[in-house]
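Colleague: I have a model open and want to learn to read it. Can we go through it feature by feature?

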Amino acid sequence: YGPKGTLDETHVRFYTRPTFIQLLERAGYKIKDMDYTGLPFEVVFESVGKSRLLRFVDAFYFALVKFWPKMFSYQFVAVAEMTKYNAKDGEGLIK
């Protein structure tokens, strides 16, 4: 773990695409659209877009994300709307 990125101290759980969808649906959301992001190369390499090589790598990687999102995505982004909450037996009860 470090001060930034996917392994920073604010991340407490990682999700796959199916578990992310399951989490949203269990919370009562209906997914309207799903998109993906690529690796934030500017952050990883602490660049502000000055490197032509880094811009090329970023564009190439983004093409890979669009071609095969399950393999190359960095994050899943969902657009969802609230429908209802489906709690499991005992879920959410305070004892």
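Colleague: Which residues are exposed on the other side of α3?

Modeller: Keep in mind that this is a predicted model. Start with the general idea. An α-helix has 3.6 residues a turn, so residues three or four places apart point the same way. Now the case here. Arg52, Phe56 and Phe67 are exposed on the other side of α3.

Colleague: And which residues of α3 are buried?

Modeller: Leu54, Tyr61 and Val65. They sit on the same side of α3, because they cover an arc of only 50° around the axis.

Colleague: What span does α3 reach from its first C-alpha to its last?

Modeller: α3 has 16 residues and reaches 23 Å. At 1.5 Å a residue, 22 Å is expected, so the two values are close.

Colleague: Let me step back. How many helices and strands does the protein chain have?

Modeller: Four helices and two strands. Read from the N terminus, the order is α-β-α-α-α-β.

Colleague: What share of the protein chain is buried?

Modeller: Of its 95 residues, 15% are buried. The cut-off for buried is under 20% relative accessible area.

Colleague: Which residues form the largest nonpolar core?

Modeller: There are nine: Phe20, Ile21, Leu24, Met34, Tyr36, Phe41, Leu54, Tyr61 and Val65. At least two come from each of α1 (17–26), β1 (29–37) and α3 (52–67). The buried residues of α3, Leu54, Tyr61 and Val65, are among the members of this core.

Colleague: Where is glycine 38, and is it buried or exposed?

Modeller: Glycine 38 lies in the loop between β1 and α2 (41–44). Its relative accessible area is 19%, so glycine 38 counts as buried.

Colleague: Now pockets. What is the volume of the largest pocket?

Modeller: The general idea first. Rolling a probe the size of a water molecule over the atoms shows where empty space is left. In this model, the largest pocket has a volume of about 350 Å³.

Colleague: Which residues lie nearest its centre?

Modeller: Phe14, Tyr15, Tyr74, Gln75 and Phe76, out of 11 lining residues. By type, the lining divides into five nonpolar, five polar and one charged.

Conventions
Residues are numbered from 1 along each chain as its sequence is written. This is a predicted model: local features need pLDDT of at least 70, side-chain atom pairs count only at pLDDT 80 or more; totals for chains, interfaces and linings use all residues. Side-chain values use heavy atoms; hydrogens and water are left out. A nonpolar core is a set of buried Ala, Val, Leu, Ile, Met, Phe, Trp, Tyr and Cys residues joined through side-chain atoms within 4.5 Å. Buried means under 20% relative accessible area, exposed over 50%, partly exposed in between (1.4 Å probe, protein chains only). The arc is that of the directions from the helix axis to the C-beta atoms. On a 1 Å grid over the protein atoms alone, a cavity is a set of points where a 1.4 Å probe fits but cannot get out, and a pocket is an open set with protein on both sides within 12 Å along at least five of seven lines; lining residues have an atom within 4 Å of a point. Grid points are joined across faces, edges and corners, and a volume is the space filled by probe spheres set on the points. Ala, Val, Leu, Ile, Met, Phe, Trp, Tyr, Cys and Pro count as nonpolar, Asp, Glu, Lys and Arg as charged, and the others, Gly among them, as polar.
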